[in-house]
Amino acid sequence: MKRESIQVGWKWLDLKDKSGWEIPDGPVMSLVYSLGQDPEIKVYDLGCGIGRHTVFFAAQGYDVYASDIAEEAVQATNTWLGKVGLTANVKQGRMTEIDHPDNTFDLVVSYNVIYHAMKDDIFKVISEVFRVLKPGGMFYGTLITKDKGTPFRMQDNLILDDQTLVVKGGVEDGIPHFFSYIDDVLEFFKDFNIESLVYDEVFSAPFDIDNLLAQKGSGHFRFLVKKPIGN
Ligand SMILES: C[S@@+](CC[C@H](N)C(=O)[O-])C[C@H]1O[C@@H](n2cnc3c(N)ncnc32)[C@H](O)[C@@H]1O
């Protein structure tokens, strides 16, 4: 069913402990081995949050661009860049419209971002990423899973359909979450070459074995896809 677009940013100012969002993700960092060491390399951090990957890629000497719908995220990223003497072009914007010409970027990273939307909007985001990637360019990101691991959190959330909910309260108040089946992932990336697709689960403390076995972790697909050469 077609639904109205809902695009809402994280309320970063309400998040007391941001430490989990300050260290870049390991697999994201390892992408530098595929990219090489050229200052001409262009990287886009889509939904940059408070900037951990923007700062990391700027520190590699790349030409870095970033955006987030939340003004407070843009400010925090610029503040962090300023503190460490690095530069990147960071703008406020919705992920469904990427304000750059076709065939611009060698890498787009969007970690824990693109599922914050209705399914139709996720298709828009992915076609925008396809458009702005150079042929052979990489797109790395995550999606949350429906068919494994992740509890489809009921609590007070507003359930829109079998795969979509809108969170009520907290830093994600008003933000949609789309939970993907593997078939959705294959459909999303039908125009790309899928280089790797990994499933992982994040568990919550306490980290004793009884607790871990009793939990269903927060399950994500991590994807690395490439725009085919010749497009
Ligand atoms: C879980 S945080 C991840 C931040 C960052 N990618 C990281 O890994 O640290 C999700 C981010 O996506 C942003 N976001 C949510 N919906 C968005 C949209 N429609 N357009 C752009 N950014 C969005 C939020 O404001 C938030 O900063």
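The expected span of a helix is 1.5 Å times one less than its number of residues, and helices (H or I, at least four residues) and strands (E, at least two) are DSSP runs numbered from the N terminus. The model is predicted: local features need pLDDT of at least 70, side-chain atom pairs count only at pLDDT 80 or more, and totals for chains, interfaces and linings use all residues. Residues are numbered from 1 along each chain as its sequence is written.

**View A. Helix 5, end to end and face on.** Helix 5 takes in 14 residues, 119–132, and at 1.5 Å a residue it should span 20 Å; the end C-alpha atoms sit 20 Å apart, which agrees. Its buried residues (20 or more other C-beta atoms within 10 Å of their own, C-beta atoms being placed from the backbone; 12 or fewer is exposed, in between is partly exposed) are D121, I122, V125, I126, V129 and V132. Looking down the axis of helix 5, they fall within an arc of 140 degrees (taken from the directions from the helix axis to the C-beta atoms), so they line one face of the helix.

**View B. What the buried residues of helix 5 pack against.** Their partners are strand 1 (42–46), strand 4 (105–110), strand 5 (133–145), strand 8 (176–180) and helix 6 (182–188). Contact here means C-beta atoms, placed from the backbone, within 7 Å.

**View C. N103 and N112, with positive phi.** Most residues other than glycine have a negative phi. N103, in the loop between strand 3 (89–92) and strand 4, has phi near 55 degrees. N112, in the loop between strand 4 and helix 5, also has phi near 55 degrees.

**View D. A cis peptide bond at P206.** The bond from A205 to P206 is cis, with omega near 0 degrees. P206 is in the loop between strand 9 (193–202) and helix 7 (209–214).

Notes. Contact = placed C-beta atoms within 7 Å.
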